[in-house]
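Please keep the sequence and the 3D view open as you read.

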Amino acid sequence: HAAPATIFVCTDFVNTKLKFWFHSIGHLLIKGRISAVAINNVLREITGDTCSPLDNKLSGSELLDKLLRLVKSFSAEKIELLIDRLEESANLRDATWDNETFAATWDNLRQADPQVITVASHGCSHRLLTSISRDEASRELRESKLRLETELGRAVKSFAYPNGDFD
């Protein structure tokens, strides 16, 4: 099967139980059964009236899709606030979820055969580079590349923009 592949890694997530924001929101909508009405209330609270409300009739994957598209334009701080408020709204503190690991470990990545699997950078934190300062974006790129090269002992030559957003 030795088909070549590239794994794009956000270095802040390796060896941790950190969750990507879109996983956390999806978990809250599915497990917490949060309605579009409740989400709109939270959105109004954290953005004022600056974002268009979601259709109150939406549910399930359609609601999740619309919410994720909307949230992609938010700052990292606003996304964290949204997740906190949705957790409160759903009254959902899920210890099982908190203990799940989604990212690879450094050992997993070191074991990947470099002849078949290229490990590349996806930034440190998966922050959307178009929504942060040039200095922050440069730090994301530089530190992620350096950490990957240090941990894996090989050159990192590729990068993928988080969410594909670039300028």
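**Side chains at a glance**

Glu77 has its place in helix α4 (residues 76-90); helices here are DSSP runs of H or I with at least four residues, numbered from the N terminus. This is a predicted model, in which local features need pLDDT of at least 70, side-chain atom pairs count only at pLDDT 80 or more, and totals for chains, interfaces and linings use all residues. Residues are numbered from 1 along each chain as its sequence is written, and side-chain values use heavy atoms, leaving out hydrogens and water.

**A charged patch**

- Glu77 is exposed, at a relative accessible area of 54% (buried means under 20%, exposed over 50%, and partly exposed in between, with a 1.4 Å probe and protein chains only).
- Together with Glu80, Asp84 and Glu88, Glu77 forms a negative surface patch (patch residues have over 30% relative accessible area and no salt bridge, with like charges joined within 9 Å and nonpolar side chains within 5 Å).
- Asp and Glu count as negative, while Lys and Arg count as positive; His and the chain ends are not counted.

**Aromatic rings**

- The structure holds four aromatic pairs (ring centres within 6.5 Å; planes under 30 degrees apart are stacked, over 60 edge-to-face, and the rest tilted).
- One of them is the stacked pair of Phe13 and Phe20, with 4.1 Å centre to centre and 15° between the planes.
- Phe13 is buried at 7% relative accessible area, and Phe20 is buried too, at 16%.
- Trp21 and Phe22 make an edge-to-face pair, because their ring centres are 5.5 Å apart and their planes stand at 80°.
- Trp21 is buried at 11%, whereas Phe22 is partly exposed at 27%.
- Ring pairs link Phe13, Phe20, Trp21 and Phe22 into a cluster.

**Salt bridges**

- There are nine salt bridges (a side-chain nitrogen of Lys or Arg within 4 Å of a carboxyl oxygen of Asp or Glu).
- Asp107 and Arg110 form one at 2.8 Å, N to O; both lie in helix α6 (residues 106-111), three residues apart, about one turn of the helix.
- Arg110 also meets Glu151, at 2.6 Å, N to O.
- That pair links distant parts of the chain, with Glu151 in helix α7 (residues 134-152) and Arg110 in helix α6, 41 residues apart.
- Arg139 and Glu143 pair at 2.9 Å, N to O, and their four-residue spacing in helix α7 separates them by about one helical turn.
- Arg139 is partly exposed at 30%, as is Glu143 at 36%.
- Salt bridges with shared partners join Asp107, Arg110, Arg147 and Glu151 into one network.

Key
Areas by Shrake-Rupley, 256 points an atom, 1.4 Å probe, with all protein chains shown as cover. Charge placed at Lys NZ, Arg CZ, Asp CG, Glu CD. Helix = DSSP H or I, 4+ residues; strand = E, 2+ residues; numbered from the N terminus. Phe/Tyr/Trp six-rings, centres within 6.5 Å; stacked < 30°, edge-to-face > 60°.
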